[in-house]
Amino acid sequence: MKITLKWLNEYVPLNGLTAEQIADGLTMLGLEVDAVVDMSSGLAGIKTARIATVRKHPDADRLTLCDVDTGTEVVQVVCGAPNAREGLVTAFVPPGVTLPGGLTIKQAKVRGQDSHGMLCSGKELGISEDHGGILEIDGEVRIGVELVEELGLDDTMVEIDLTPNRPDCASVLGIAREVGGFFGREVSRPVDPASLPVLDGGKTDVVVVIEEPGLCPRYAARKLTGVAIGPSPRWMQQRLLAVGMRPINNIVDITNYVMLETGQPLHAFDFNRIRGGKIIVRCPSVEEKTFATLDGNERTLDNDMLMICDGQGPVAVAGVMGGLESEVSPETTEILLESACFNPVSIRKTARKLNIPSEASYRFERGVDPDGAHIAMERAVRLMVEYAGAVADAGGVDVYPGQKNELVLSLRVQRVCDLLGIDISGSEIAAYLKSIDFGVQPEADGVLMVNVPSFRIDIEREVDLIEEIARMVGYNDIPTTMPQMTMDYPQRDRLRALRNQIAGIMTSRGFTEAINYSFTSENHLDLLNIPADDERRNLTRLLNPLTEEQSVMRTMLLPGLLENVRHNINRQKPDVSLFEIGKVFLQHGEGVLPEEPTKFCSVMTGQRYPESTPLYFSGLQADIFDLKGIAQTFIDTLGLTGDTGALTFQVPESDPQSYCHPEFSLHILNAGSQVGMLGKVAGSVLKEFGIKQDVYFLEMDLTILNGLKTVDKTFRHLPRYPWVKRDIALVVPEHVAAGELLQTVRELNVDNVENVELFDIYKGKPIEKGMKSVALSVTYRSPEQTLDDETVDILHDKIVNTLMSRFGGRYRE
């Protein structure tokens, strides 16, 4: 949004305020100022001049020799502009003067002819974007005076970057209201609402029908006759140029001027081209597929685009651009002036689809005040009567199906003081709000009733009003205080801490964390052979998926990691160790939100130590025991314990998961309840994923792990007495798991047993078929004395006898 200070000064007195003070004030009001530009900068020494005569250059077809009257003398200037003609008043740059771009003009010969200066275009002077010819100055102009003085360029342009929630400031009057409220200045308005004519459809032959009231809450129109199309007054042209708009003619310039002034876009139709004298606001019919806009382009229409139509077809794209067939031309004598309000979402979609950004759509997209449509139209009508000789119909049409009641909010005075940290009275609050056109009823019981003006679409609740008061008081004047905080330790999220601990363990073991999308393909469950009645088949589907491969929320982490493994192997990275911690989404019924437990999954394939030197560990392949060791590390490091003792690893009694190899599978149990599993991915599943090497996996439910008991870490002195180690080598039935032997020893709670560990399993000759040898090492130590052999023998025999009797074992010979 661009304004000039002279324009702003017409509505709010700026005397005593510098451009910098105004810019600072706007910034403190929340309106970020991008630039403050002195429009007269670089224009010193450039004067007005009149071309007396024009002759062809004797040695150049595209150049002319102009005799230029500078007010004090007539000089010859070589010019290449196509619009150079006798009697034209333009800008003349004498030799020695420097243009805004830094070029210093010198007297020179051009193709053998003397040129005593330069005639400039508006772009070369930096006052417009027009560079199709030299500047044309219309009207009564003094010759030989400073261009800045004659054109009123001694002004300052301020560019403001508006946020989408402040469409009320997309106008000079909106900025004037903010400046007046902040600096305590009275704001004047070009049209008194009390003087507006009644537009009830009488005293006019214009008919307006709104077929889409949801897309057009208000449409006002008025007919003007006796219009004389011509240039707009120079002051209006200059203001339009200053804010980046190109003057066209008096009618179009007035609609643009009023739009910039009030924030209400207007459009003028040639009334003689409105067939049937009727305006219909509707969407295109099936037959209406294209439309020619003002820029001469054929636009393809969608059936949801709002159009302004006459009795036979479309004449404008509502809120975006007018039509080529109904535009105002030099022959126009009657116009129909439109002032309407359209649905912001509809206008935004239409402008984007047609790729037609415009000043009108910019305002409609953010929201135009419907109550301001009549005022803006009356302002334009008065300017057209004054500068185009128009005669306005005594009446007009104003269809307002979307009229709403004024929003009234209660505002507690004490609440204002509490939130802002200042002492402020109800009368002061009322004065601040009234200064920016809010209505305030007298205070009662410490509460003010505030009428929110229709142009403030961003005000919805009490706290919004308090923000307005803060803006008017000035953020710099609100005292700064540090918040009071207690020095207690904040409650930590245990699950988050568990995630961090597990991630630390995994990365220390050489694993890399993967982060996959929660959106996945339903086909993944088919690749894993998940049964149809499995709860993981109850999927949460996306209503608007980006692709078919991301159409459902995941119920498992393993498929994503297998995709990662394949991706790495295909890029010559066969040694992969990955883990992922994330939520899965389990749907338990229609119309309810899915359960979101946090899961852990890890995969390992290829060499166990891929980064090690070939001399020591070359060719050692990862296996299921690597991941079993990881799981045991979790249990030991985190101090996890089950409801009835330690967590255990157990071979599943029935068939394992459909995606797991039946001979390589272990469940992690807590009192018989599964909290995780590990194993080898079935070969059929690997084939479906395009993986040609073994992959091992570990899955754990962190939501369950997070609820387990933990053993607190306690301090223990270093042992003072030596340990004694005894080995046990037993032959037991082949179906007996070595882990059961270890667990039995631990559960015996034999005195002075410090540790027990497995160090050998052997099957084969001379062990008979169906049996195996299991070797355990037991460490004994007493915290009070050195153990003698007799004491250790008693303890050791107890352990051996228990193992033999429970598992049918015998000593290995």
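Modeller: Leaving aside residues up to four places away in sequence, Arg166 touches Leu31, Glu178, Arg456, Asp458 and Arg471. This is a predicted model, so every number here is computed from predicted coordinates. Arg166 sits in the loop between S10 and H5. Strand S10 covers residues 156-161, and helix H5 covers residues 172-183.

Is Arg166 buried or exposed? Its relative accessibility is 6%, and buried means under 20%, so Arg166 counts as buried. Thr163 belongs to the loop between S10 and H5, but its relative accessibility is 37%, so Thr163 counts as partly exposed. For a sense of distance, take Thr163 and Glu535: they are 372 residues apart in sequence, and their C-alpha atoms lie 48 Å apart.

Counting contacts between residues at least 6 apart in sequence, 70% join residues at least 24 apart. The protein has 813 residues, and 49% of them are buried. It contains 22 helices and 40 strands.

Helix H10 runs over residues 373-388, and its 16 residues should span 22 Å at 1.5 Å a residue; the end C-alpha atoms are 21 Å apart, so the two values agree. Helix H22, residues 789-807, has 19 residues and reaches 26 Å, close to the expected 27 Å.

Next, which residues of these helices are buried? In H10 the buried set includes the charged residues Glu378 and Arg379, along with Ala373, His374 and Met377. In H14 the buried residues are Leu495, Ala497, Leu498, Ile502, Ala503, Ile505 and Met506. These residues of H14 pack against S29, strand S30 (598-605), helix H18 (624-638) and helix H20 (702-705). In H22 the buried residues include Val792, Leu795, His796, Ile799 and Phe807. The buried residues of H22 pack against strand S37 (724-733), H21, S38, S39 and strand S40 (810-811).

After H10 comes Gly389, with phi near 65 degrees. Just after H22, Gly808 takes a positive phi of about 65 degrees.

Positive phi also turns up in residues other than glycine. Gln572 has phi near 60 degrees, and its place is the loop between helix H16 (558-569) and strand S29 (576-583). With a relative accessible area of 71%, Gln572 is exposed. Asn752 has phi near 70 degrees and is found in the loop between helix H21 (738-748) and S38. Its relative accessible area is 26%, so Asn752 is partly exposed.

A cis peptide bond, with omega about 5 degrees, joins Lys765 and Pro766. Pro766 lies between strand S38 (753-762) and strand S39 (771-780).

Last, the outline of the whole. The C-alpha atoms fill a box of roughly 130 × 80 × 60 Å along the principal axes. The radius of gyration is 43 Å, whereas a compact globule of 813 residues would have one near 28 Å. The accessible surface comes to about 41,600 Å², and 49% of that belongs to carbon and sulfur atoms. There are 80 positive and 116 negative side chains, with the centres of the two sets 5 Å apart.

Definitions and conventions
Residues are numbered from 1 along each chain as its sequence is written. Side-chain values use heavy atoms; hydrogens and water are left out. Helices (H or I, at least four residues) and strands (E, at least two) are DSSP runs, numbered from the N terminus. The expected span of a helix is 1.5 Å times one less than its number of residues. Buried means under 20% relative accessible area, exposed over 50%, partly exposed in between (1.4 Å probe, protein chains only). The radius of gyration is taken over C-alpha atoms; the globule rule is 2.2 Å times the number of residues to the power 0.38. Contact means heavy atoms within 4.5 Å. Accessible areas come from the Shrake-Rupley method with a 1.4 Å probe; for residues, only the protein chains shown count as cover. The place of a charge is taken as NZ of Lys, CZ of Arg, CG of Asp or CD of Glu.
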